[in-house]
Amino acid sequence: MPAPVKVLVVGLGNMGASHASAYHRNPGFEIVGLMSPTMKSRSIPAELTGYPLFEDFDEALAATKPDAVSINSYPDTHAEYAIKAMNAGAHVFMEKPIATNIADAEAVVAVARAKNRKLVLGYILRVHPSWIKFIELGQTLGKPLVMRLNLNQQSNGPAWTWHKNLIDSLIPIVDCGVHYVDVMCQLTGAKPVRVHGIGAKLWADAAQQNYGHLHVTFDDGSVGWYEAGWGPMMSEEAFFVKDVVGPKGAVSIVADHSKDKDPLTDVSDSADIDRHTKTDAIRYHHAEVGPDKNFIRKDETFSMTDEPGHQELCDREQAFFLQAIQEDLDLSESMDAAVNSLRIVLAAEQSIKEQRSIDLA
């Protein structure tokens, strides 16, 4: 049995704590340190107490000499930390996005290739069985496709601080958008050729625009939009739209969001991290009609009520990271896809700033 992979975990926010929990419980990993610039002032989850704590990345890297580094810090640190880790001999798991600009993203991938390091990106939907099924069904609808996706989040309680701090690094359609334009690219298998974006700043406490909407056109004629807004003013109506329409019909994710939360004290449904990947069911609508112009087939519903929760999805991501290291998997496609999805959302941000559509060709 191979020796456990020694991992340094960077960042202990929502995703960092979940990934650290996955390493803690997976015998294939050994946590050798937890690092956060605010480590001395933050609470440590009970299961993670006892591990060495660091507040400086370079110090942690030198002291622990890890086989792998898990980067779950704010996006503007991702590229720097990843390149330092890979140059120090470590493989890297990195939460999305890969960087905050294309030059840094391409540099990260170039180092991974040059140093033969495994670079796994935290595109959690790629390990989610319901989203894998959604893409599989969407690919049967013919071409072109119309893809409609959003994830608006109402900020209150802890989410108020998460979202405000995230906006310091990236606007919402960039930070979360990489997930959903990656889904679009998988659905179409086509090349994005043009992007247009709009945005607005509704939140005085946020450093940048807290609402955005992007439109992308593909070279097969497919089109898609993605919408994301964070802030205490965001509506909880129609905050979770996930569907794809083609000549042969439509496939939609149906989420059963609960209504029993206290709006004054609880994190809203839209900001609940467990709900961001929850599907509950997938509905497949067949467009074919008979001579009387009535539908020939009834809609099909695929129940997803037994799908994995957020922590299990993080466990799956880290199991894949371990497999990639132990089996020397070729990660070229996923690395290129991470750069491609970032290119699309950054083009949307450029479009907003320059008030014009951006050609990607």
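Which elements each supply at least two residues of the lining of the second largest pocket?

Mentor: This is a predicted model, so read every value as computed from it. The elements you ask for are β6 (119–122), α9 (310–327) and α10 (332–354). Of these, α10 gives the most to the lining, with three residues. The second largest pocket holds about 220 Å³ of space. Its lining counts 14 residues, and the closest to the centre are V120, L121, R126, F320 and S334. By class, the lining of this pocket splits into nine nonpolar, one polar and four charged residues.

Now set the largest pocket beside it. About 990 Å³ of space lies there. The lining has 42 residues, with G13, N14, M15, N72 and L166 closest to the centre of the largest pocket. The largest share comes from α6, which supplies five residues. The lining of the largest pocket has 19 nonpolar, 19 polar and four charged residues.

Next, the backbone. Two cis peptide bonds deserve a look. One joins K96 and P97, with omega at about -5°. P97 is found in the loop between β5 (91–95) and α4 (102–115). Another joins K143 and P144, and there omega is about 0°. P144 has its place in the loop between α5 (129–138) and β7 (146–150).

Positive phi values come next. A238 is not a glycine, yet its phi is positive, at about 55°. The loop that holds A238 runs between β11 (223–231) and β12. A238 counts as exposed because its relative accessible area is 55%, and the cut-off for exposed is over 50%. K293 also has a positive phi, near 65°, and is likewise a residue other than glycine. Look for K293 in the loop between β14 (280–286) and β15 (300–304). With 64% relative accessibility, K293 is exposed too.

V146, V223 and V245 make it, and its area is about 180 Å². V245 sits in strand β12, residues 242–246. The relative accessible area of V245 is 32%, so this valine is partly exposed.

Finally, take H213. Its strand is β10, residues 211–218. H213 is buried because its relative accessibility is 12%, and buried means under 20%.

Then turn to α6, with its five residues in the lining of the largest pocket.

Technical notes
Residues numbered from 1 in each chain as written. Predicted model: local features only at pLDDT ≥ 70, side-chain atom pairs only at ≥ 80, totals over all residues. Heavy atoms only, no water. Patch = residues over 30% accessible without salt bridge, like charges linked within 9 Å, V, L, I, M, F, W, Y side chains within 5 Å. Areas by Shrake-Rupley, 256 points an atom, 1.4 Å probe, with all protein chains shown as cover. Salt bridge = Lys/Arg side-chain N within 4 Å of Asp/Glu carboxyl O. Helix = DSSP H or I, 4+ residues; strand = E, 2+ residues; numbered from the N terminus. Buried < 20%, exposed > 50% of the residue type's maximum accessible area, 1.4 Å probe, protein only. 1 Å grid on protein atoms, 1.4 Å probe; cavity = no way out; pocket = protein on both sides within 12 Å on 5 of 7 lines; lining within 4 Å. Points joined across faces, edges and corners; volume = space filled by probe spheres on them. Nonpolar A, V, L, I, M, F, W, Y, C, P; charged D, E, K, R; others polar.
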